[in-house]
Amino acid sequence: MSERSKALDHVWWIEYSSEKSTGYHVPSIAVAKVTSADTTTSFTTATSGKSVRIYGSVYDEDFVESGTGIALTEEPNIPSQFHEGLVHYVIMKGYENKMSAEGSMQKAGYFRNYWNICIKMGTKYGNRNFDNTGFNIKPADGFLM
Amino acid sequence: MKQQQMIEMVQKHHPEMTETEIRIYLNKALDEFCEQTKILKGQETFTTTADTRYYKLDDLDSDGSGADQHKFIDVDRVDYNNYQISRLQEPPEKYSSS
């Protein structure tokens, strides 16, 4: 069996169930080897010593005073046009924490609006495909003609 | 914008807020922003170990520390031995003993 066939015999899924009876559980990624014989499909553990690469959406590093993370003189990894949005969020929280002060509610609402716009623009940016080239769908006889 | 500049911008509005307090909210904002927009993409590699089916997403290399890897929000794709493999929508009904 070729290396490709061996690799493609594997599957993955996200396991949400907890191994513990109580407590917070972080989801796990499961990798298993699938073998089929007649009507039976078996899922066994993957061969050891093979590399697995996971791709996905990730959190940014944390802001830190010192140590590992985004230091005082460093910038977050998100695109620079959204950095100010983070500041708006904190200003909003500051006003929310002193609601009894005159005008705080309006100011909190003002900055919440900026924050929501930032999220909206960020979502749009995150969904773009970095490819503006067009493509054509070739019509076929008897189908959408 | 650097972290220090962000802190100074906040303190123009809220001079009573400490740097620690601002940093807590900045981290909250950054996490929320990444979660909702899924703007940052990353990848991590680990090596399979014998008789192990599950690998914790926050500690893929099982070294007891999640600080040495990306924190995943979701997983789009998995490569096994450099080949992209399929995702099962649901865990299998039954596992084999080995």
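Q: What covers the buried residues of helix 1 of chain B?
A: The cover includes helix 2 of chain A and helix 2 of chain B. Bear in mind that this is a predicted model.

Q: And which residues of helix 1 of chain B are buried?
A: Gln3(B), Met6(B), Ile7(B) and Val10(B). Looking down the helix axis, they fall within an arc of 100°, so they line one face of helix 1 of chain B.

Q: What is Leu26(B) in contact with, leaving aside its neighbours within four places in sequence?
A: Met6(B) from its own chain, plus Phe63(A), Leu86(A) and Val90(A).

Q: OK, the core then. How many residues does the largest nonpolar core have?
A: It has 44 residues, and those with the most contacts inside it are Val31(A), Leu86(A), Val90(A), Leu26(B) and Ala29(B). Elements giving two or more residues to this core include helix 2 (83–96) and helix 3 (104–127) of chain A, and helix 2 (19–37) and strand 3 (72–80) of chain B.

Q: Switching to strands: in which sense do strand 1 and strand 2 of chain A pair?
A: Antiparallel, over six bridges.

Q: What about strand 1 of chain A and strand 5 of chain B, parallel or antiparallel?
A: Parallel, over two bridges. There, Val11(A) stands opposite Ser86(B).

Notes: Residues numbered from 1 in each chain as written. Chains lettered and ligands numbered in written order. Predicted model: local features only at pLDDT ≥ 70, side-chain atom pairs only at ≥ 80, totals over all residues. Core = buried A, V, L, I, M, F, W, Y, C linked by C-beta atoms within 7 Å. Buried ≥ 20, exposed ≤ 12 C-beta atoms within 10 Å, placed from the backbone. Helix = DSSP H or I, 4+ residues; strand = E, 2+ residues; numbered from the N terminus. Contact = placed C-beta atoms within 7 Å. Pairing = 2+ DSSP bridges. Arc of directions from axis to C-beta.
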